[in-house]
Amino acid sequence: MITANNPALVTWVPVPENSDFPIQNIPFGIVDINGTKVAATRIGDTAVNLSVLFESGIFEGILKYNCFAEETLNSFLKLNKQTWRAVRNRISEVFTNEMDEDLKSQCLFSINNVQMCMPIQVGDYTDFYSSRQHAYNVGCMFRDPNNALLPNWLHIPVGYHGRASSIILSETPIHRPKGQQLPLGSNEPVFGPCKLLDFELEMAFITGEGKPLGDSISTSEADDYIFGMVIFNDWSARDIQKWEYVPLGPFLAKNFASSISPWIVTLDALEPFRCKGEEQEPEVLPYLKYKGNKNIDINLEVQITCADFDAHTVSKSNYKYMYWNMTQQLAHHSVNGCDIHAGDMMASGTISGNDESAYGSMLELSWKGTKPLTMPDGSERKFIQDGDTVIMKAHSKKDSVRVGFGEVSTKVLPAK
Ligand code: MN
């Protein structure tokens, strides 16, 4: 039972109206409190030191040792779904009942007085390509509208192995990448700062410990191996990508940075927002079939801001537009025996909705630069400029309960 999801629960911790972090969320993250990194959860604008809660005996019978005293959540992720669920339920119980003042003073911190840190050490990173509209748009631009989807796309959750080392936390600025590009009309590449810097609006899921090498995780088992999700901005250098990607796919156009939001929202917390996915036609192979509602209704938003104007919304999409869901992605990823580990990160691919207000990249929003977006100060954007900050937000809402992710915000600095 996921008792922590009860919409009727009320906590004594103040929760501002429209907060992404009501008592029904209970996300997990790592905070730096006066130079010490510990695991934390967040209620409203209050960070809760979970290591202190452990030492107070609150997780007795659930956790054997204080994995919350560690600098990442990886050890916690090595446990299992039952334990994650029991811990979250216990936290919910603790903050909907009375707590002694002494413990309060030790475990509660204003979110403004802690520094957010990378929640996990990312083991392996995989990026899928699972939004049909995005794949269609890219196919239209770079190939042919009549054959926009490649023949494999409706049969395989297409993906590639990315790079874990450059996955960075929200608020970490990035430098414009440099690399080879092939100027239009030229046969010779040039080297220099990327001119077509783009974001990709994605969500990523983070796994627990999978099965031994050689074993597979089925679609019916997949949810048990998924701990939670973050917002994922998969930075992309379109000009570098276009020149380098044949025949082995993305490389330097993708591995210079991907930014994540700091709080991992558990799959349990997202259960109330499950919804049906698109009917898959043609029929998928048996190992990709699934039962139940496996998509999730998560509202997504992208904003651009810079010194000259306040945050300006350029896209509103939704995670529910995914053609391939997480259980299919994980089942596909492991069907050949590939082993999955605690702290692996798997991103959705750019999530584009059905019309141009819902496209998840500048490539699509400006249609390859042919339709520039006008910003509040009258300036135009085809792609992202130096000095721009890209902000992505995500939240689910049903009836009175809103469970959100906060945001991932990244400033682009000039090339080094
Ligand atoms: Mn991507």
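Q: Which helices and strands each supply at least two residues of the lining of the largest pocket?

A: Those elements are β6 (125-128), α5 (132-142), β7 (159-161) and α7, where helices (H or I, at least four residues) and strands (E, at least two) are DSSP runs numbered from the N terminus. Before going on, note that this is a predicted model, in which local features need pLDDT of at least 70 and side-chain atom pairs count only at pLDDT 80 or more, while totals for chains, interfaces and linings use all residues. Residues are numbered from 1 along each chain as its sequence is written, and side-chain values use heavy atoms, with hydrogens and water left out.

Q: What counts as a pocket or a cavity here?

A: On a 1 Å grid over the protein atoms alone, a cavity is a set of points where a 1.4 Å probe fits but cannot get out, a pocket is an open set with protein on both sides within 12 Å along at least five of seven lines, and lining residues have an atom within 4 Å of a point. Grid points are joined across faces, edges and corners, and a volume is the space filled by probe spheres set on the points.

Q: OK, which element gives the most to the lining of that largest pocket, and which residues lie nearest its centre?

A: Helix α5 gives the most to the lining of the largest pocket, four residues. The lining has 29 residues, and those nearest the centre are Tyr 129, Val 138, Gln 241, Tyr 245 and Pro 250. The volume of this pocket is about 660 Å³. By class, its lining has 15 nonpolar, seven polar and seven charged residues, with Ala, Val, Leu, Ile, Met, Phe, Trp, Tyr, Cys and Pro counted as nonpolar, Asp, Glu, Lys and Arg as charged, and the others, Gly among them, as polar.

Q: And what about the second largest pocket, how much space lies in it?

A: About 530 Å³ lies in the second largest pocket. It is lined by 19 residues, and the closest to its centre are Leu 182, Leu 184, Leu 196, Asp 239 and Lys 242. Here α7 makes the largest share of the lining, with four residues, and the lining as a whole divides into nine nonpolar, four polar and six charged residues.

Q: Switching to the metal, which residues coordinate the manganese ion?

A: Asp 127 (OD), Glu 200 (OE), Glu 202 (OE) and Asp 234 (OD) coordinate the manganese ion at 2.1 to 2.2 Å. Donors are N, O and S atoms within 2.8 Å of the metal (3.2 Å for Na, K and Ca), and water is not among the atoms, so the site may look incomplete. Along the chain, the donors follow the spacing D-x72-E-x1-E-x31-D. Glu 202 sits in strand β13 (residues 201-207) and Asp 234 in the loop between β14 (226-233) and β15 (236-237), so this pair ties together parts that are 32 residues apart in sequence.

Q: Are those two buried or exposed?

A: Glu 202 is buried, at a relative accessible area of 0%, and Asp 234 is also buried, at 0%. Buried means under 20% relative accessible area, exposed over 50%, and partly exposed in between (1.4 Å probe, protein chains only).

Q: Which residues line the largest cavity?

A: Lys 81, Trp 84, Arg 85, Arg 88, Ile 226, Phe 227, Thr 266, Leu 267 and Asp 268 line the largest cavity. Two or more of the lining residues come from each of α3, β14 and α8 (267-270), and α3 gives the most, with four. The volume of this cavity is about 50 Å³.

Q: Last one, what is the phi of Asn 18 and of Ile 26?

A: Asn 18 has a positive phi of about 65° although it is not a glycine, and Ile 26 likewise has a positive phi, about 55°. Most residues other than glycine have a negative phi. Asn 18 counts as exposed, at 53% relative accessibility, whereas Ile 26 is buried, at 0%.
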